[in-house]
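I am opening a new page for this two-chain entry and will write down what I look up, in the order in which I look it up.

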Amino acid sequence: MAETYAKQLALVIDLNVCVGCHACVTACKEWNTSGSAGPLSDLNPYDAAPSGTFFNRVQTYEAGEFPATETVHFPKSCLHCEDPPCVPVCPTGASYKRKSDGIVLVDYDKCIGCKYCSWACPYGMRELDEERQVMTKCTLCVDRIYDESIPLERRRPACVNACPTNARLFGDIKDPQSEVAVAIRERGGYELMPEWETRPANHYLPRTITETVAAVTAEQSS
Amino acid sequence: MNPAFSVVFFTTLAGAGQGLVTALAVAVLAGAAISRGIVAIGLVVSLVLLVVALGASFLHLGRPERAWRAVLMWRTSWLSREVIVLPAFIALVALWLALRVGERPNPWGDVVLPIVLVAVSAVLWYCTGMIYACIRFIEEWAHPLTLVNYTLIGLASGLVLFALLVGLGGPPELMRPAAAWAFGLTVVAGAFRVAAIARNTRLRHRSTLQTATGIRNPRLAQQSMGMTGGSFNTREFMHGRTRALLARIKYFAVGAGFVVPALLLLPALVRGGGSAAGWLLAAALVQLVGVLAERWYFFAQARHPQNLYYQVVS
């Protein structure tokens, strides 16, 4: 088992309030395609089958049986695992986890584009950039969150700044007083595919708001 | 997974090359009356197979000009270990060829290098198999059968080439044992491969859409996968072929990879001598195509857990 670090930056995603607007997707793309790491290429952007490199995507699921259904919007990006299976398999060392803050990164100058790390990620969070032919993934906006020219309250990943419902929390999950640690602790934050013991740093907050609404409605009608 | 033809050709051709070198090395060590010329031809064929395989592996890379970097992480990565062992193996085969060409007997070419080559070939099969077997959540691959099958199928295809070599160049008294070994390994490799296919067909995966999303409702349907035109995720991990085609490829792989070559080896096994070369050539060619199909199916049958996030295309 890999060592864990004193600091682990992560996102906590609140499924109660995500409305599936994709603002985080476009903000991520805009910031990261303009950054020092080079553009995130698009294939056939104005054609019938547009495709391209994204670090973050929002999916939608429907849970339950009509009429008791819930629509759950599900943002999906690199979970910055504390024991990331994608890192040890990399033959070149291009894929690594930073000791200083736990962010999992790819050194694009060392990547040979063998795609083995993407096979070794159970979540499918890595995408090969078709034009640059190197593996890419969420960096937690590593070129933004430490930039002192940006005002402190905006010094967060682009997706977090863009979210209109505050569904995305950002911080150090190893700091018990941080917003993310409190949210995980007090609101039942969970990991994706816990069965593989990758210990994802990103957590998701389960939906409770529909239960609350249902309880209140039942109380009012009785 | 979506099978990459670069990796399909790489692993099958390298496996056959390793198998042929192993057969030649064991034959020399066992003191078989095989001429130096035949060993040299066999080693040249092995080198061609191994170098073509190495070339195919480069086609898998997005940035082949940086391929040298792949030797750096041998402490943690099976892929890195394979990248070191394969060129080393090729160099050792070339060295053995150089030593065997000389007429005088010498202990290096007759004893030391054959032993080293058998060992390095085994290590290379282990590295190749572990590349797949070490990914614990691709459950079709994360099993000892993956290692067994890479080794057995490489040995079987190499031994069929060895039998063909003996059929073409003699000595006649080696024909029956060579054909017997090729037949035996082909049958055993086929049996283990069928066992792996059967296991994978019955496999129940640990991950479900519920564990992948954490949404604990037993009725969970995906409405949108988050993009319209597909992505790396839908291209790399899904083959997009029908179940019917997959089943046809499976039966073809078992038939052409193992059953038909075993039958084509029977004339050499029964008659011996040099009269069965045509049958042996047919066995080698059919098996080559069959093993390519087998390797394609090895990738296609593996269901990556990330596919759980792509249940519908919308």
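**Chain A, overall**

I began with the range of the contacts (two residues are in contact if their C-beta atoms, placed from the backbone, lie within 7 Å): among those in chain A between residues at least 6 apart in sequence, 59% join residues at least 24 apart. I note that this is a predicted model, in which local features need pLDDT of at least 70 and side-chain atom pairs count only at pLDDT 80 or more, while totals for chains, interfaces and linings use all residues. Residues are numbered from 1 along each chain as its sequence is written, and chains are lettered from A and ligands numbered from 1 in the order in which they are written.

I then looked up the secondary structure of chain A and found 5 helices and 11 strands, these being DSSP runs numbered from the N terminus (helices H or I, at least four residues; strands E, at least two). The radius of gyration of chain A, taken over C-alpha atoms, is 18 Å, close to the 17 Å of the globule rule (2.2 Å times the number of residues to the power 0.38) for 222 residues, so chain A is as compact as a globular protein of that length. The C-alpha trace of chain A spans about 65 × 45 × 40 Å along its principal axes. Of the 222 residues in chain A, 49% are buried, where buried means that 20 or more other C-beta atoms lie within 10 Å of the residue's own, exposed that 12 or fewer do, and partly exposed anything in between, with C-beta atoms placed from the backbone.

Next I followed an open sheet of 3 strands, which has the order S5(A)-S4(A)-S1(B) with antiparallel pairing; two strands pair if DSSP finds at least two bridges between them. Its edge strands, each pairing on one side only, are S5 (68–77) of chain A and S1 (220–224) of chain B. Neighbouring strands are turned by 30° against each other on average, direction ignored, with axes as lines fitted to C-alpha atoms (for helices over the stretch in contact) and angles running from 0 to 180 degrees between N-to-C directions.

How many bridges join S4(A) to S5(A)? I count 10 between strand S4 (residues 56–65) of chain A and S5(A), and a hairpin joins S4(A) to S5(A) through 2 residues. In this pairing Tyr61(A) stands opposite Val72(A), and Glu62(A) stands opposite Thr71(A). S4(A) also pairs with S1(B), in the antiparallel sense over 4 bridges, and there Thr60(A) stands opposite Ser224(B). Helix H1 (residues 23–33) of chain A lies across S4 and S5 of chain A, running at about 165° to S4(A).

**The contact between the chains**

I find 47 residues from chain A and 46 residues from chain B in the contact. On the side of chain B that touches chain A, S1(B) gives the most, with 5 residues.

**Other places looked up**

Strand S10 (residues 168–172) of chain A has 4 of its 5 residues buried. Strand S1 (residues 9–14) of chain A pairs with S10(A) in the antiparallel sense over 5 bridges, and the bridge partner of Val12(A) in S10(A) is Leu169(A).

Last, I noted that Ala182(B) touches Leu159(B), Val160(B), Phe162(B), Ala163(B) and Leu265(B), not counting residues up to four places away in sequence.
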